[in-house]
Amino acid sequence: MKAPQNKQLPVNPPRMAQRLLGWYCRAELLEDLQGDLNEYFERNLKTRGATYARLIYWLDVLKFFRLYTIREPDFFNFYIYIIMISSYLKTFRRGLVRNKLFTFINIFGLAVSISVGLLVVALLTDLSSYDDFHVRKDRIYRVITTSKGNTTIELASTSVKAGKRIRESVSGVENLTIMRQGFSGDAHVGEKYLPLNGLWADESFFKVFSFSMLKGNPETALKEPYSLVLTEKTAQKLFGEADALGKVVKFDTLNYVVSGVIAEPDKFSHIRFDALVSFASAEASMGKTDKNFYQWNSVWSNYVYVVLPQGTAPQALQASLDKLSAQENKTSDTDKIQLSLQPLKSIVLGKSLSNAIGPAVPPVVMWVLGVLALVVILSACFNYMNLSIARSLRRAREVGIRKIIGAPGGHIFGQFMTESVFTALLSLIFAFLLFLFLRGHFLELDSFLSNLFSLRLSLRLIFYFLLLSVGVGIMAGFLPALFFARINALQVVKDNAKFKVFRHINLRKALIVVQYTLSLVFIATTLIGYRQYKGFLSLDLGFKTDNILNIRIQQNNADLLIKELNEIPAVQEISKSSMITSLGSMHGTTMKYGSPPDSAMVWLNMVDEHYLPIHEHKLLTGTNFTLHPKKGEESEVIVNEQLLKRFNIGQGNPQKALGQTVMVDGKKLSIIGVLKDFHYGTVENKIEPVMFGYSDNEPWGYINVKLKTTDIPATMQSIETAWQKIDKVHELSARFYNDQLEQAYSQFSVMVKVIGFISFLAICIASLGLFGMVVFTTQIRLKEISIRKVLGANESSLIYLLSRGFLSLLAIAALIGLPATYFFFDKLVLRNFVYHLPLELYEFIVPLLAVTLLASLLIGSQTLKAARMNPVKNLKTE
């Protein structure tokens, strides 16, 4: 017996392409053109395969869309079409007026949800606009660094040597510019002093970037040492209306010549500055005094951007960068460095990198916001679907009559889709007003947001708004339109009572369950996120921050300022530090220990002898700094426990580690103390090796002031007065440590607020939908309720009868949503945070109680109203 053979189904041309051809092609040309295209399709099918044949068929159909093939428009049919649309709109308007409650629920829900969608669209539009003004934007790449040692760090910065080696030895680079951050100081012109922040940039800067030069030659403006390019606003502040070109600007003891004036950098530029200084200036000063300036591993302050030739893929250059990295790593005994390329358009809307020169928003953040907005929009769409299908009994006869007099299913589908889209467009008006309200409040959530976004209206943005609204209308109306298009006309007209309204009841129940599942998830997420955020702020950092005011020195004489501050009664103690720990800023250095030396990067803070006592760091063994060496003559270092473990100093025993010598930046330092581990970086990261070096002269650092006062405003005024005695140019920059910690975790606060707001919207929309369904259900069951009441049913039994179905759906939502939320946070989210709080039971009970109470009030109010109605009024017509 032969085994049955599988018959291969015939492969036909794409049906949609055939329909498109039949729609636009002249009748006299259609048959010949179809025959030719089918012959080509069969030939391609035999020689190239089905996929290629279908693709070519589509391309041919589109290619023949020309003037000589397009059929003449039928103006009569077009007129009929306009009449049909106007009829749809008239029916739509009457429906809005006749069903005021359901109209309100649909328009309010869609308006609120679309407004959130508008906000997300505006955010994405702003982010996608960054660096669009550069002519070569699609060919510009930033060279980024991955440093691999005891930890792996991804840096937006790289070394000067990397830039020079790429320029010299890597082919396939059209242009390259090297930049360095950190140029800042007081510009001195005559009697004017103006604090400026800028960048060092080499002469190729304007060959890479398209900043508009107003005065000067972009080819030579940054060529000579001590050349200075000012922005237009900076030039006006320094020189007024006078021509700044060729004028001298003094910084400290150095004179810089203005060689160019450029237009103010665009708001949507990731590179922002007040001035550009020729990179030759940095080479003439730091290049001669700083031995690390040209080192391969000096990757902390420099940035390299390249322009690739037209048609060159970045992968073609990556092999050369890998080869270059391998060559240089052989000559270095520190962390291994890998170079790679990052597209210019992926800098702002891209992964977060250390030492970033501009803002960055990880794509996952926008994905989260997009998903949240989509969830709210879907919730409103579910309301529309539920109420539209539930009210099908009232419109079934209308649809049946339309079908009997000749309306095809496609027209019925189009009618309901038109109503849905126009409902969404009507909602867009209210959504736009809500967007204008939300826009300001969103930007005020955090200064980072107001600096990053503008959310200004533009024709492009308004077009996106219209597209979103039409898309929401299509999404909301698709299922109801499909449902009505498939109604059996004869059955409905012959006996409307036999039309089964509730055969789609499982779909509607599923939509309600989804709505309340999402509401529970959002509320639980808000509670968990808020508690974790508060946990971060209250976590033991390993030192004290209460009542400590951190003041930026801003290149002033710290000792003079300390002398003035000590005159204030509220000031208890004062220390100095090069940076403020636990806020996210980090400064690394290379440490070596042992023979052969084990080398790794450790985190560093330069402090004086008062720093540890003020912050109450716990010394496990050893002493505080006792010597007061000058800059460059340091001989002592204090380390934490993790550093001992990393280098196995004294077998990890703090007592044995005392007196051991480590090598840091070419200097031998003796360990005089071991600190209990503390958080140098932010608390979501694990504690890493840290060392304290001694310095009492950090002009770019901070003064840490311990206060004891009950009158903070008066004390701050006294500190302001003391500052003005020392520095009349710069404003006092002082913040309490605890406030800085809150700011450091502001992204968590913003996220909790956003999710909380979305939770509120989701529960409101879901509750409105439930309310509408309860109202409709009680209306169509009035006769049943009346009969039951006549037969002796009491109010409580009727309330139970009407509400149990909805409450059971809520129970199903709880069984799905709450365990899913627990799993999501316990297994996925919180595992990324080393020091998180455990999940608590109340974080899941509270959302359930809140949603249950709200749903019970909505259901109970309507069922009680129905149960108390006089049954005679409902049964008198029977």
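Residues are numbered from 1 along each chain as its sequence is written. In this predicted model, local features need pLDDT of at least 70 and side-chain atom pairs count only at pLDDT 80 or more, while totals for chains, interfaces and linings use all residues, and side-chain values use heavy atoms, with hydrogens and water left out.

Figure 1. Helices (H or I, at least four residues) and strands (E, at least two) are DSSP runs, numbered from the N terminus. The C-alpha trace spans about 105 × 80 × 75 Å along its principal axes. Of the 878 residues, 47% count as buried; buried means under 20% relative accessible area, exposed over 50%, and partly exposed in between (1.4 Å probe, protein chains only). Contact means heavy atoms within 4.5 Å. Among contacts between residues at least 6 apart in sequence, 79% join residues at least 24 apart.

**Figure 2. T423 lies in helix 13, which covers residues 409-443.** Is T423 buried or exposed? T423 counts as buried because its relative accessibility is 4%. Leaving out residues up to four places away in sequence, T423 touches F92, I107, L110 and Y384.

**Figure 3. Helix 26 has a kink of about 45°, centred on S803.** The bend at a residue is the angle between axes fitted to the seven residues ending there and the seven starting there. Helix 26 runs over residues 795-829, 35 residues in total. From first C-alpha to last it reaches 47 Å, close to the 51 Å expected at 1.5 Å a residue; the expected span is 1.5 Å times one less than the number of residues. R804 is also in helix 26. With a relative accessible area of 45%, R804 is partly exposed. R804 and I859 are 55 residues apart in sequence, and their C-alpha atoms are 9.6 Å apart in space.

**Figure 4. L818 is another residue of helix 26.** Its relative accessible area is 11%, so L818 is buried. Which residues does L818 contact, leaving aside its neighbours within four places in sequence? They are L520, A813, F844 and L848. L675 is 143 residues from L818 along the chain, and the C-alpha atoms of the two are separated by 43 Å. An α-helix has 3.6 residues a turn, so residues three or four places apart point the same way.
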